[in-house]
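Work through the exercises below with the sequence and the model side by side. Try each task before reading its solution.

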Amino acid sequence: MNIQSLIETKVKEGFLALYNVEIPSVEFQATRKDFEGDITVVIFPLLRYRKGNPVQIGEDLGKYLVENINEITSYTVVKGFLNLVV
């Protein structure tokens with residue numbers, strides 16, 4: 001399993017654990033050069049399943065991923081983007 005597949009699985013698990021909501025997919029994009037990170041999870045599409053502040057949702061998911069994926073060392077949230085350091 002590659003790291004993106006692992007992250008997608010854990011984001012889905014985390015969303016279910018944190019908010020009791022199942023999500024069908026996770027959107028990724030390359031992290032912009034001006035920000036720290038190796039891969040970015042786009043939070044905005046998740047707002048259709050769980051209304052709320054995208055920064056807070058990103059913080060919650062970032063914390064969950066750092067605790068549950070050994071390869072992720074840290075994260076930052078910039079607006080609705082969760083930047084992960086692998």
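The exercises cover the sheet, the helices and the salt bridges.

This is a predicted model, in which local features need pLDDT of at least 70 and side-chain atom pairs count only at pLDDT 80 or more, while totals for chains, interfaces and linings use all residues. Residues are numbered from 1 along each chain as its sequence is written, and side-chain values use heavy atoms, with hydrogens and water left out.

**Exercise 1.** Find the order of the strands in the open sheet and name the edge strands.

Solution. Begin with the terms: strands (E, at least two residues) and helices (H or I, at least four) are DSSP runs, numbered from the N terminus. Two strands pair if DSSP finds at least two bridges between them. The 4 strands of the open sheet follow the order β1-β2-β4-β3, and their pairing is antiparallel. At the edges are β1 (27–29) and β3 (74–78), each of which pairs on one side only. On average, neighbouring strands are turned by 30 degrees against each other, direction ignored.

**Exercise 2.** State which strands each helix lies across.

Solution. Contact here means heavy atoms within 4.5 Å. Axes are lines fitted to C-alpha atoms, for helices over the stretch in contact, and angles between N-to-C directions run from 0 to 180 degrees. Helix α1 lies across β1, β2 and β4 (81–85), at about 30 degrees to β2. Helix α2 (residues 54–68) lies across β3 and β4, and its angle to β3 is about 170 degrees.

**Exercise 3.** Locate the salt bridges and say how exposed their residues are.

Solution. A salt bridge is a side-chain nitrogen of Lys or Arg within 4 Å of a carboxyl oxygen of Asp or Glu. The structure holds 3 of them.

Step one: Lys12 and Glu8 meet at 3.6 Å, N to O. They are 4 residues apart in helix α1 (residues 3–19), so about one helical turn separates them. For accessibility, buried means under 20% relative accessible area, exposed over 50%, and partly exposed in between (1.4 Å probe, protein chains only). Lys12, at 28%, is partly exposed, and so is Glu8, at 24%.

Step two: Glu13 bridges to Lys10, with the closest N and O atoms 3.2 Å apart. These residues lie 3 apart in α1, about one helical turn. Glu13 is partly exposed at 35%, whereas Lys10 is buried at 18%.

Step three: Asp34 and Arg32 form a salt bridge at 2.9 Å, N to O, and both are exposed.
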